[in-house]
Amino acid sequence: MRQTRSPAPVVTILGIDPGSRITGVGVIKAQGSNLKYVYAESLVLPKGELPVRLEAIYSRLQSIVAQTRPDIVSIEKVFLAKNPQSALVLGHARGAAMLAAVNNQLPVVEYSATEIKKTVVGKGRADKAQIQHMIRVLLGLRVAPEEDASDALAAAVCHAHHQQINTTIREA
């Protein structure tokens with residue numbers, strides 16, 4: 001007797017590309033290999049002291065989580081910057097984003113920029129325009145989202161692909 005597979009569950013993934021000046025946010029729904037665009041935004045943070053910018057990241061993400069109800073958050077890992085101060089500030093932005101996720105009881109997965117680019121574009125050193133193009137194609141959009149929003153959607157797509165691969169392996 002042949003066993004019937006139930007359809008893959010729909011998972012809503014919030015992707016975040018953290019930044020201290022602009023933080024990219026993107027939400028997709030994934031059902032197996034089927035991806036659907038939900039929302040994207042480049043959060044342009046207020047000028048001023050770092051605590052004010054971190055609060056803006058946290059509060060805007062709280063609002064986006066309430067509106068989109070994601071199941072999981074996929075965030076880009078900190079890269080090693082040439083300037084240690086820049087890496088430290090970026091770490092603070094990531095922390096504010098992760099806190100927003102954790103305070104909503106959302107699991108957080110992390111991917112390196114290289115891994116995200118390789119998953120979405122096929123090469124780990126892809127440029128911003130290549131990411132924007134592939135996000136437009138993969139999500140069936142007429143126009144590519146802004147760079148930071150595309151990077152966030154790429155983080156979400158990266159997780160969707162990894163999730164699909166893991167499901168396929170488990171079922172094999």
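Is R94 buried or exposed? At a relative accessibility of 10%, R94 counts as buried, where buried means under 20% relative accessible area, exposed means over 50%, and partly exposed lies in between, as computed with a 1.4 Å probe on protein chains only. The structure is a predicted model, in which local features need a pLDDT of at least 70 and side-chain atom pairs count only at pLDDT 80 or more, whereas totals for chains, interfaces and linings use all residues. Residues are numbered from 1 along each chain as its sequence is written, and side-chain values use heavy atoms, with hydrogens and water left out.

Side chains of opposite charge can pair when their charged atoms come close. A search of the whole structure finds three salt bridges, a salt bridge being a side-chain nitrogen of Lys or Arg within 4 Å of a carboxyl oxygen of Asp or Glu. In one of them, R94 meets E110, with 2.5 Å from N to O. Since helices (H or I, at least four residues) and strands (E, at least two) are DSSP runs numbered from the N terminus, R94 is placed in helix α2 (residues 84-102) and E110 in strand β5 (residues 108-111), so the pair ties together parts that are 16 residues apart in sequence.

R60 counts as partly exposed at 25% relative accessibility. The side chains of K128 and D151 likewise form a salt bridge, at 2.3 Å from N to O, which links helix α4 (residues 128-138), where K128 lies, to helix α5 (residues 147-171), where D151 lies, across 23 residues. Of these two partners, K128 is partly exposed at 35% relative accessibility, while D151 is buried at 8%.

In soluble globular proteins, nonpolar side chains tend to be buried together. A nonpolar core is here a set of buried Ala, Val, Leu, Ile, Met, Phe, Trp, Tyr and Cys residues joined through side-chain atoms within 4.5 Å. The largest such core has 23 residues, and I13, I28, L35, I135, L139 and V157 are those with the most contacts inside it. At least two residues of this core come from each of β1 (10-17), β2 (22-31), β3, α3 (113-120), α4 and α5, and α5 supplies the largest share, eight residues. Another core, of 22 residues, lies apart from it and includes I57, L61, A100 and L106.

The axes of α1 and α2, which are lines fitted to C-alpha atoms over the stretch in contact, with angles running from 0 to 180 degrees between N-to-C directions, come within 8 Å and cross at roughly 30°. The two helices are therefore roughly parallel to each other, a description used for angles under 35 degrees. Where α1 and α2 meet (contact means heavy atoms within 4.5 Å), the residues L50, L54, I57, Y58, L61 and Q62 of α1 face V89, H92, A93, A96, A97, L99 and A100 of α2.

Methods: Angles under 35 degrees count as roughly parallel, over 145 as roughly antiparallel, 65 to 115 as roughly perpendicular and the rest as oblique.
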